[in-house]
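Thanks for making the time this morning.

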Amino acid sequence: MLPLSVGFHANTINLVSSLYTDIRIDPSLANWSEVLKTCSFDNTRLAEWRRSARSRLVAAAEQFVLRLNGVAEEAELPPLASGLLTGDPDRQPIVMTGHQPVVFHSGLSFKYQTTEEFAVDNGAIALAVVIDTDTGDAGQFSYPELSEDAQVPSRAIDSLASTNNLYVYSRLRKAAELTQVSAKLCDHLRRVSEPEAAKHTEQAMTGYIRLAAARAGAMDANLIMRWQHGIGGRMLELPLSAIASFPEALAQTADILKQPRRFAAAYNSALDVFRDEHGIRNAANPFPNLKIDQDTCELPFWVVSHNRERRHVLEAQTEGNITRLIANGRTVDTFTGNITAESLEPLLLQNVQIVPRGAMITAVLRLLFSDLFVHGTGGGRYDRFTDELIRSWWNVEPPAFTIASASRYLLTRRRQELQRLEEIASSLRDLQFNPQRHFGEDIFPEMLEDSLQVLVQRKEAAVNRLKAAHQAGLSARDIGREIQALTNQIRNAVTTEFEPQLSLLKSLTPEQQDAVHCRTYPWFMFQ
């Protein structure tokens with residue numbers, strides 16, 4: 001176990017949860033312990049791979065954390081973690097989660113913090129997989145931008161990174177540029193009356209600037225900075241690119257390459273079953289089917305060229321006992337006869353990797369390593385397909401997964417007001433014609449509610465008189481006019497109160513509404 005020091009200690013999961021809203025935990029957190037069990041497979045070969053892979057995973061992740069600790073020290077930042085949640089995988093369960101190494105928003109932060117605290121409470125090893133083989137802007141984030149002549153901000157986008165490619169090769173912008181970004185962010189946050197967010201942002205940006213001066217990559221910087229501020233700071237982490245080179249992962253990949261068309265057909269069949277069971281008609285949901293031609297089929301892997309910093313979809317072409325691996329229309333390797341883990345190793349010497357993609361990522365992680373995998377809402381949707389694939393292809397019961405997601409909103413006062421106006425707009429007609437349904441809900445100002453109560457009582461009395469006149473066969477024309485006049489008074493009083501307020505709602509652009517409702521502002525704007 002690594003003796004690292006200084007870090008985040010949340011006392012309970014309730015403390016973490018109290019900072020968030022829109023919390024979704026499925027199944028309930030109280031039931032997670034019931035599904036956390038050290039898995040064993042009847043598939044002897046898979047069980048052997050799993051036993052050795054788990055020990056290899058923990059050892060490699062400890063070394064990865066040590067390496068990042070060295071990067072942090074070079075940038076003169078504090079050590080990364082206190083009491084890493086590591087241990088003996090032969091005796092302890094492994095709880096896993098993972099995501100791309102981007103600037104986290106609240107949903108991702110909650111998932112990692114909940115995973116970490118659950119592992120603490122259950123004596124588990126906690127490990128997050130860094131999906132570094134995906135592509136994108138590792139430094140991208142949103143922020144509320146308020147121009148000089150505007151009253152409501154719009155949502156703007158900036159980045160801490162200078163590249164948009166494979167995350168493993170992402171680069172930070174220069175320290176001087178990040179200093180300017182920090183000043184701009186803090187200025188806009190103060191303009192929207194969020195001085196605490198500006199303070200937190202300035203503190204985090206100081207760390208990013210130091211890391212840029214130490215020539216850290218954007219991926220490493222994102223990991224280090226969120227650890228520094230309590231988001232998964234005690235969890236082991238390891239990039240997917242490292243895991244894909246494990247002998248056990250190579251053996252699992254080789255088994256698929258031995259019969260690529262059969263696997264592709266099984267994958268598509270599992271997708272069809274999943275769509276049918278969930279009433280999904282969109283053939284692209286949750287993933288498109290793999291393409292299968294007469295002698296070539298697509299497989300759920302990337303071919304990653306580390307020399308070129310590029311990736312392409314893997315295809316397999318079979319002709320008798322010859323198998324060709326193809327990426328981007330070019331032959332990557334050719335195999336005659338049996339394909340083994342050892343026969344894939346020469347690709348590694350050429351800096352070329354075969355890496356799982358999409359649902360195949362969690363299929364590999366759950367089969368080889370995890371006893372419980374924690375997803376966000378998106379992963380929780382597609383991994384029910386992964387369950388079907390694991391059962392149909394490997395013929396074992398998949399290790400469990402759970403879901404943890406939540407939101408935090410930056411512009412809380414503005415959002416509360418916007419929500420109030422949106423609620424009024426959606427129920428305005430009912431407020432105008434049935435205000436009594438909303439008395440006591442703090443929708444109407446006190447004086448207006450008092451006057452509306454009087455008008456409603458007078459209207460109800462007039463309606464009762466109208467009914468009595470009809471029953472007696474008397475003319476009720478004057479009473480009808482009185483009821484209509486009272487109805488108009490009520491409607492006009494409500495309209496007079498709310499129309500000026502709703503005019504502000506109507507004046508907001510979609511971009512401004514998006515800025516107020518945004519749940520993806522970066523972690524460093526929050527405490």
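Predicted model: local features only at pLDDT ≥ 70, side-chain atom pairs only at ≥ 80, totals over all residues.

Let me begin with helix H3 (residues 44–74) and helix H12 (residues 359–368), which pack at an angle of about 85 degrees with their axes 8 Å apart. An axis here is a line fitted to C-alpha atoms, for helices over the stretch in contact, and angles run from 0 to 180 degrees between N-to-C directions. H3 and H12 are therefore roughly perpendicular to each other, on a scale where angles under 35 degrees count as roughly parallel, over 145 as roughly antiparallel, 65 to 115 as roughly perpendicular and the rest as oblique. The helices and strands themselves are DSSP runs, numbered from the N terminus, with helices being H or I of at least four residues and strands E of at least two.

Residues are numbered from 1 along each chain as its sequence is written, and side-chain values use heavy atoms, with hydrogens and water left out.

Which residues make the contact between H3 and H12? From H3 they are Leu46, Trp49, Arg50, Ala53 and Arg54, and they meet Arg366, Leu367 and Leu368 of H12, where contact means heavy atoms within 4.5 Å. Sorted by class, this contact has five nonpolar, no polar and three charged residues; Ala, Val, Leu, Ile, Met, Phe, Trp, Tyr, Cys and Pro count as nonpolar, Asp, Glu, Lys and Arg as charged, and the others, Gly among them, as polar.

A second pair to look at is helix H9 (residues 247–258) with H11, whose axes come within 8 Å and cross at roughly 110 degrees. On the H9 side, Pro247, Leu250, Ala251, Thr253, Ala254 and Leu257 meet Ala341, Leu344, Glu345 and Leu348 in H11. By class, the contact of H9 with H11 has eight nonpolar, one polar and one charged residues.

Leu325 is buried, with a relative accessible area of 0%; buried means under 20% relative accessible area, exposed over 50%, and partly exposed in between, using a 1.4 Å probe and protein chains only.

Stepping back to the chain as a whole, there are 18 helices and 15 strands, and 53% of the 527 residues count as buried. The C-alpha atoms fill a box of roughly 100 × 55 × 45 Å, taken along the principal axes. Among contacts between residues at least 6 apart in sequence, 73% join residues at least 24 apart.

How many disulfides does the model contain? With a disulfide taken as a pair of cysteine sulfur atoms within 2.5 Å, the count comes to zero. Cys186 is in no disulfide, and the nearest cysteine sulfur, that of Cys518, is 18 Å away. Cys186 is buried, with a relative accessible area of 3%, and Cys518 is buried too, at 4%.

Now to the backbone, where most residues other than glycine have a negative phi, and most peptide bonds are trans. The bond from Asp26 to Pro27 is cis, with omega near -5 degrees, and Pro27 is found in the loop between strand S1 (21–26) and helix H2 (32–35). The bond from Asn285 to Pro286 is cis, also with omega near -5 degrees, and Pro286 sits in the loop between helix H10 (260–277) and strand S9 (296–305).

Two asparagines have a positive phi. For Asn351 the value is near 65 degrees; this residue is in the loop between helix H11 (341–349) and strand S13 (352–356), and at 37% relative accessibility Asn351 counts as partly exposed. For Asn395 phi is about 60 degrees; Asn395 lies in the loop between helix H13 (377–394) and strand S15 (400–407), and at 66% relative accessibility it counts as exposed.
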